[in-house]
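Work through these exercises with the sequence and the model side by side. Try each task before reading its solution.

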Amino acid sequence: MLVMERIEPHLDWEQIDTVLLDMDGTLLDRHFDDYFWHSYLPENYALVHDLDVDEARHRLRREYERREGTLAWTNLDYWSEVLGLDIPELKRRVDVLVAVHPHVFDFLKFCREKKKHLCLVTNAHPKTLQIKMARASLLPYCDQVVCAEEIGLAKEEAAFWPLLQQRLGYDNRRTMLADDTERVLEAAHRAGLAYLIHVARASSRTTVSFSRKYPSIIFFNELLPRE
Ligand SMILES: [Mg+2]
């Protein structure tokens, strides 16, 4: 059996004063999103358009693939219009599945205690953010929240990061980013962000997938200093 090598994180918290955190898959269980986009939405789309569910799933997957890594992908208004369904309303119907990953709150508390500047940086649309934060109260821990739409680019795009830095005023050499999408880490890396952490367990229902390039964690307690 092939066991994939894992790069262990070694953070010196004295060297870090800003912590940038992704939301979906990083702080929140991606199971909600996977279930919504790949099961719940195709079922509803099939009903409305009188299609077989597999055919609906196939059609939607093609639509998703064309827009992955772009802002359109996360824009709920865009999808509502294209698919003829009220996407925010459908999301609200299954919001019971919104869940915070284990150990996230301990990590957020640690960052607050250590007076780190904490910022949620997400590709999620403001309406998605609102739906999720109504179920998972992460916002009281965050100093700032930035939705990619405000920057005008997705986090996968290299030009996103200098614009974010201008907006938040952090020092790249003293900033950490945790994200479950390797392309986002790559873009941040190109912009000179010093501490990059890959979240290898984005969903509680899928297998752990370590990055080959960046230090990976399964749970956030791995970033806390050992007693
Ligand atoms: Mg993510």
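**Exercise 1.** In which loop is the place of Lys115?

Solution. Lys115 sits in the loop between H6 and strand E2 (117-122). Helices (H or I, at least four residues) and strands (E, at least two) are DSSP runs, numbered from the N terminus. Residues are numbered from 1 along each chain as its sequence is written. The model is predicted: local features need pLDDT of at least 70, side-chain atom pairs count only at pLDDT 80 or more, and totals for chains, interfaces and linings use all residues.

Next, take the backbone. Phi of Lys115 is positive, near 60°, and Lys115 is not a glycine. Most residues other than glycine have a negative phi.

Last, check exposure. A residue is buried if 20 or more other C-beta atoms, placed from the backbone, lie within 10 Å of its own, exposed if 12 or fewer, and partly exposed in between. Lys115 counts as exposed because it has 8 C-beta neighbours inside 10 Å.

**Exercise 2.** Is His103 partly exposed or buried, and why?

Solution. Locate His103 in the loop between helix H5 (87-93) and helix H6 (104-113). Its phi is positive, about 70°, although His103 is not a glycine. Now count: His103 has 16 C-beta neighbours inside 10 Å, so it is partly exposed.

**Exercise 3.** At what angle do helix H1 and helix H2 pack?

Solution. Start with the axes, which are lines fitted to C-alpha atoms over the stretch in contact; angles run from 0 to 180 degrees between N-to-C directions. H1 (residues 31-49) and H2 (residues 53-67) pack at about 115°, and their axes are 8 Å apart.

Then list the partners. Contact means C-beta atoms, placed from the backbone, within 7 Å. H1 residues including Trp37, Leu41 and Tyr45 meet H2 residues including Val53, Leu60 and Tyr64.

**Exercise 4.** Which residues have the most contacts inside the largest nonpolar core?

Solution. A nonpolar core is a set of buried Ala, Val, Leu, Ile, Met, Phe, Trp, Tyr and Cys residues joined through C-beta atoms within 7 Å. The largest has 47 residues, and Leu177, Ala188, Leu196 and Ile197 have the most contacts inside it. This core draws at least three residues from each of domain 1 (13-30 + 99-223) and domain 2 (32-96). Those bounds come from an automatic or database domain assignment.

Zoom in on Ala188. Leaving aside neighbours within four places in sequence, Ala188 contacts Trp161, Leu177, Leu193 and Leu196.

Conventions: Contact = placed C-beta atoms within 7 Å.
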